[in-house]
Amino acid sequence: MVYNLWVHSILQSQLSTEQKHYLSLWQKAVRLAEGTKHDPGDIYHALCNLELTPEEQLDGGFIRAGRA
Amino acid sequence: MAGSSEPVGLSPTERAFLRALQSQGVPFMMVGIAAARLQGAPVVTEDIDLWFAEDTQTGIAAAAKEAGVIYIPGGIAMNPPTFGGRDVRVDQVLTMSGLASFDEELGNTIVREVNGIRLRILNLERIIASKRAANRDKDRAVLPALEAALVALRSRERKP
């Protein structure tokens, strides 16, 4: 257990800022899903989507592109 | 998602149509999956559902003509009012299950600026309510993702 925590802290310290950011979103999603019927993966993707511009949000949501 | 190309959002014709609707004074709101998408929901769709106030048929037809959108009024071949065109993904929603009147639901909208156009969007809570009430297979299929998005959205709203 102590060894695992040590390995995790070493691994986390080696992550880039971007990796840490998305990891924190994942951890937040897991926390939000705890004790609910919600899927942490769905919450994670929603948290990621909320960081996009409205145009990017639409682009990711269409089967057919808008052909600009 | 983060990529190398510029985001597109609405197509040029869709932008022209939405601007024309606004200049014609046609009250409308975006509903359905595209509206949910603009609130973070990880779901996909074929179309942009627009819900119009009653008695706006003339204004809609005029806006379509101005924007170069193909518009087929309802009832010609037992069809609902239908839009067409290569880069037009707009659908007119005639009824919204489980919701109040258009005017009442205007109070449950938020404003999002997309491609420089300020659009009224039905809030995610009400989109979920309409999907629950519609209760078709395709509505039930998206509910888990919509509900998860609401959890994510609320967690951000709580953030100072």
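Two residues are in contact if their C-beta atoms, placed from the backbone, lie within 7 Å. Helices (H or I, at least four residues) and strands (E, at least two) are DSSP runs, numbered from the N terminus. This is a predicted model, in which local features need pLDDT of at least 70 and side-chain atom pairs count only at pLDDT 80 or more, while totals for chains, interfaces and linings use all residues. Residues are numbered from 1 along each chain as its sequence is written, and chains are lettered from A and ligands numbered from 1 in the order in which they are written.

**View 1. Packing of H1(B) against H3(B).** Thr13(B), Ala16(B), Phe17(B), Ala20(B) and Leu21(B) of H1(B) meet Ala63(B), Ala64(B), Glu66(B) and Ala67(B) of H3(B). By class, this contact has seven nonpolar, one polar and one charged residues; Ala, Val, Leu, Ile, Met, Phe, Trp, Tyr, Cys and Pro count as nonpolar, Asp, Glu, Lys and Arg as charged, and the others, Gly among them, as polar. H1(B) and H3(B), the latter spanning residues 57–67, pack at an angle of about 140° with their axes 8 Å apart. Axes are lines fitted to C-alpha atoms, for helices over the stretch in contact, and angles run from 0 to 180 degrees between N-to-C directions. The two helices are therefore oblique to each other, given that angles under 35 degrees count as roughly parallel, over 145 as roughly antiparallel, 65 to 115 as roughly perpendicular and the rest as oblique. The crossing of H1(B) and H3(B) is right-handed; a crossing is left-handed if the near helix is turned anticlockwise from the far one by less than a right angle, and right-handed if clockwise.

View 2. A residue is buried if 20 or more other C-beta atoms lie within 10 Å of its own, exposed if 12 or fewer, and partly exposed in between, with C-beta atoms placed from the backbone. Leaving out residues up to four places away in sequence, Ala20(B) touches Ala63(B), Glu66(B) and Ala67(B). Leu106(B) is 86 residues from Ala20(B) in sequence and 20 Å from it in space, C-alpha to C-alpha.

**View 3. Strand S1(B) and its pairing with S2(B).** S1(B) covers residues 28–31 and has both faces covered: Phe28(B) and Met30(B) on one side and Met29(B) and Val31(B) on the other are all buried. Four bridges join S1(B) to S2(B), residues 48–52, and the two strands run antiparallel. Strands pair if DSSP finds at least two bridges between them. The bridge partner of Phe28(B) in S2(B) is Phe52(B).

**View 4. Two loop residues of chain B with positive phi.** Asp55(B), although not a glycine, has a positive phi of about 60°. Asp55(B) lies in the loop between S2 and H3 of chain B and counts as exposed, with 7 C-beta neighbours inside 10 Å. Asn115(B), also not a glycine, has a positive phi of about 50°. Asn115(B) sits in the loop between S6 and S7 (117–122) of chain B and is buried, with 21 other C-beta atoms within 10 Å.

**View 5. Helix H5(B) and its buried residues.** In H5(B), residues 124–134, the buried residues are Leu124(B), Arg126(B), Ile127(B), Ile128(B), Ser130(B) and Lys131(B). These buried residues pack against S1, H2, H4 (102–105), S7 and H6 of chain B. Just after H5(B), Asn135(B) takes a positive phi of about 55°.

**View 6. Packing of H2(A) against H3(A).** Chain A has four helices and zero strands, and 25% of its 68 residues count as buried. The axes of H2(A), residues 17–33, and H3(A), residues 40–49, come within 8 Å and cross at roughly 130°. That makes H2(A) oblique to H3(A). H2(A) passes H3(A) in a right-handed crossing. From H2(A), the residues Leu25(A), Trp26(A), Lys28(A), Ala29(A), Val30(A), Leu32(A) and Ala33(A) meet Pro40(A), Ile43(A), Tyr44(A), Leu47(A) and Cys48(A) of H3(A). The residues of this contact divide into 11 nonpolar, no polar and one charged.

**View 7. Contact between chains A and B.** Chain B gives 36 residues to the contact and chain A gives 27 residues. On the side of chain B that touches chain A, H1 (12–23), H2 (32–37), S6 (109–114) and H6 (137–158) of chain B each supply at least two residues. H6(B) provides the largest share of that side, 10 residues. By class, the side of chain B that touches chain A has 20 nonpolar, six polar and 10 charged residues.
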